[in-house]
Structures are given as C-alpha cells and as structure tokens.
Amino acid sequence: MNLRNPKLLLALPAIALIFVFMILPITNMIEMSFRTPGTSEPFGADYTAMHYDRILSDGYYWGVLLRSLLTAGAVTLLCLVVSYPIAWHMSKARGMKAVVLYACIASPLMTGVLVRNFGWMIAAALNGPLNEVLLGLGIIERPLRLLFTQGLVILALVHVFVPFMVLPINNALRNISPTLIEASSSMGASRREVFRDIILPLSFPGIYPGMILVYVLAVAAYVTPALLGGQMVSYMPTLIIGELTGTFQWPFGSALAIVLSVSTILVVALFTGLTARLMERAKA
Amino acid sequence: MSGTATFAHQRPVNLGFGLLIVLLYVFLMAPLVMIVGASFTGGLLIEFPPQGLSLRWYLEFFQRQDLVDGLLMSLRIGAITAVVTMTVAMMAALAGQAVSGRLAGWFQLGMTLPLLVPELLTAVGLLFFLYKIELGKTVAGLQMGHILMSFPYAYVSIAAAMRQVPQSLEEASQSLGATGWQTFRLVILPLVMPGLAMAGIFAFINSFDLYTISLLLKPLGGNTLPLALFDFLTYEFKPTAAAAATLSILLSILGVALVQRLVGLQRAF
C-alpha cells in the first residue's frame, strides 16, 4: 500500500465527520460522567465519582439494568428463531419470487421504528386483531390488556430487528456450496445430519454478527419501550433520556449511559468467549 | 433443482415449514398493513379492520400545522442529508480503493461506525458536544447528527458499486491521457451512478425515520415528523396519526421500488 497515494486525501471529510461528531462527543460524554452536578448549568465544574457510586449501590438501578440486558437477550434469541427459517427460505428463492421476498424484508427495514411500533399499538388494542386471533384460537377466554406490557415491547423489538438478522444469515446460507450438501447426502447423511453438521456451522458467520448487532442495538433501543412500555416498566434508555431532558442531570445521565455500554460490552465478550469454546468443541 | 425429486417423499415436513414461513411473513408485514388499513377508516377511532372507507384523515393531516411543519422539516433535513452524504461517501469510497490488506477492514469498520454504535450513545454524546461548540438546539446541529447517522448507509452502497467497476477501465483511461478528474467524471461516475442514487435514497429514508437523535438534538420550536407523530400519539390517539404513518410507509416502499429498479434488491442488501 502506498500511503502517499493522493487518493487517500479524499477520505478526509468522512474521517473528520466521524471523528468530530462521534468520537469526540462520546469521549466527551465519558468526561461528563465524572462532573459534579450543576446548579445553574446542567453540570458542575469539579470532578467526582459519586454518580457511579450512586448507580452501583442502588438496587433500583441494578434492577433496571438487569431488565434491559435480559430483555435484549430474549429479543436476540427470538430474532434468531424467527430469522433463520426466513433466511433459509430466501436463500432458496430465485427470480421474481426472490425479489418479492427481499421487498418483504426491505420494506419494514426502511420504515421507521416509531411507525412500526405504532402498527403494534393498533394490533394490541383490547378489541384489536391480536386479541381476536388469540380468542379465535382458543388460547385465551377474554381479551387481554396487551398494551404497555413487557411482552408487547419484546414482540415489537423482535419485529424491528428481524431484518438485521435475516440479511447476514441469508448471505451466509447463499455462500454454502450446494455440491457440499450433495456430497454429504450421497455419502449417506440424513437431512438432519446435513443440517446439524454442515449447514448450521457454515451459517455461523451470519448468525454471530447478526446476534451481536441485534443485542447491542436492542439494549439501547429507546422508542419502543417509551411508546409501548408505558410508565410501568423502566428500561435504561428511558431512564437515561429522562435524566437528560426531564431533570437535566447530564453527569448522572452520562454515567448511566456508560454503565449500560460497559455491561453490554461485557455480555458481548462473554457470549463471544462461549461461542468460541463451543465452536472449538464442535471441531474436535 | 435436483433436490426436488429426493425430498418429494417428505412433503408433510415441507407443508409444515411452508405454513411457518407464511406466518413469519405475516408477522413481518402485519404492522404496516394495519396502519395503512386504519388510515382509511371512516370512523373516529384508530382500529383495524377499519370502519368504512374515507380519506378524511389525510385531509385532517394536511390541516394540522404541527404535523405538516414536521413533515416539511423532515423533508428538508433529509434532502440536505442525502446530498451531503452522497458527496462525502463518494470521496471516501474512492479513497477506500487505495487502501488494501488488513487496513481495508479497519477502514470499512471506521466508515460504518455510526451504524454499529447505538443511536442513543451518539445522541447523548452529541447533545453535550453541540452545547459545548454552541450549536445546541439549532437546526445546524440536528442536521449534523442526521448526516453522521446516515453516512454509513451511503458509504456501504457506493463502496459496493465501486467494487463492480473494473480497475482496468481506470488504468486504460489514464494511459490514454485522461486526468484523474476526467477519469472520474467520464468513466467511473457513469458506472457507479445507480449505486450513488441508491446511497442518496438510503440516506434520505434513514434521516426521515431517525427518532432518538432528533429528540435529543431538536432545535427550539422545531419538530421532525417522527417527533411530531410521537407527541400526537401520546396526546390524541386519532386516525390522523395512521394517515401520517402511511405516508412514511409509502415513502419507504417507493424507496424499495427505486432500489430494485436501480441495482436490484438482492445486490443492495
């Protein structure tokens, strides 16, 4: 590579954009989390670790953090369960059928989160379609109050993130050579064995990044809990935005955001370690 | 497919799988269908299936100053975002060609960073930072947030289009004596045009839908359409909201159709 290539200079505006409006601000937020609370301004002049102390010594914040992390975990697993069959089905489609299926994935992806959550509000009304279906199937006897429940938040979040998981898994499945599958079935492997020993491990390069992306984004999702979770259940993002825009506690809000980010990174690291060990064992 | 004959005896399994697939696609499309349905109701409530058919809620939408102002602001910010990100991402993608080996992966990662870091964190960081550089609560600050968040989509589209352009064409053009600018304008630009247009569409639609960043950076007295819609939904739960949301769905379907025409959905996603 030639570092003196004049073409490289063309990346400067993009690098400046990301550095000035993203890296600097996030670094700045870390500093903000150590500021003292402000009196006339949203933050004070001195430095302190009191915000972290307050969060980590209060069971309330631990509870909200745990709820956020667990909810995102449930969303990620459900996303995987929903996405895999769709990705599988898509990877087999050709021609016009493939176009229609891609459009079914792309349209929700390109429609805003708020709009899609609003659709679930309509669905979850007391005499709305979701209750009708449950009544019709005989699963429930009288309409349930679905709005402002944790279940609806999870359902809506799964809907928001399914395309993020379908697309990488679909790409991984498309890259599996059909000859490999033919070879193993001609050597006597059953369909189940082919799936377990060949297709599943080879789709892992799509599953893994899909799961990480969905988890990281789901932990920090704000709109869905704010719109569909109501006042009863708090998640970290609603708490953080409340501190920043409601009570203007910038240092405390920043500390909450950083606690959330650090715990997310820890979960991702744990997951990566576990899957690496699992893959090792699968190879052996 | 050679597999059809071998798997034919396992039809019951396939039928069950087919049903599952149909249900999953219903799950994906249902919220959108319900909003569109509810927007045409003749009744006073947001409900699906709708009561009768009418366009009254669309009329009401265009008479609501707060929602129309939100729409206009979102359109304006989205248009500026599209133009700026197309330009900056085109330049970055040209530079990206000169990066090779291990660095290429890092370059790609850096360019898509705003997509990988949750919007909430970027929004919180930007809130303080814009305040510090005295751009807090201004349209300019909000605009920068939108450009940042939409940039990765534009970059990914253009970089993918650039990879399709054979390097030999560029070399041929240069050996025939064209300057760098001439090669770009006469050879590369026409070839990546569809990818560039797609970048603009993705950037525009992403900007149009951003919520968290708009909430934290919103200028005094200004609202984007999603913000106005959220407020509307909290205080007046009327079908006007379904009409507004339908317009947003229409925009994304238009985007999907355009992308299909330009480069094909399979190559875009």
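**View 1. A nonpolar surface patch in chain A of the predicted model**. Areas come from the Shrake-Rupley method with a 1.4 Å probe, and a salt bridge is a side-chain nitrogen of Lys or Arg within 4 Å of a carboxyl oxygen of Asp or Glu. One of these residues, A:Phe19, lies in helix 1 (residues 12-32) of chain A, helices being DSSP runs (H or I) of at least four residues. With a relative accessible area of 43%, A:Phe19 is partly exposed, that is, between buried (under 20%) and exposed (over 50%).

View 2. Residues 60-87 are 100% helix, with end C-alpha atoms 40 Å apart, whereas residues 99-126 are 82% helix, with end C-alpha atoms 36 Å apart.

**View 3. The largest nonpolar core**. This core, a set of buried nonpolar residues joined through side-chain atoms within 4.5 Å, has 179 residues, and A:Ile86, A:Phe118 and B:Phe151 have the most contacts inside it. Helix 7 (residues 150-174) of chain A gives the most to this core, with 14 residues. Beyond its neighbours within four places in sequence, B:Phe151 is in contact (heavy atoms within 4.5 Å) with residues among them A:Ala14, A:Leu17, A:Ile18 and B:Met111.

Note on methods
Residues are numbered from 1 along each chain as its sequence is written. Chains are lettered from A and ligands numbered from 1 in the order in which they are written. This is a predicted model: local features need pLDDT of at least 70, side-chain atom pairs count only at pLDDT 80 or more; totals for chains, interfaces and linings use all residues. Side-chain values use heavy atoms; hydrogens and water are left out. Patches are made of residues with over 30% relative accessible area and no salt bridge: like charges are joined within 9 Å, nonpolar side chains (Val, Leu, Ile, Met, Phe, Trp, Tyr) within 5 Å. Helices (H or I, at least four residues) and strands (E, at least two) are DSSP runs, numbered from the N terminus. Buried means under 20% relative accessible area, exposed over 50%, partly exposed in between (1.4 Å probe, protein chains only).
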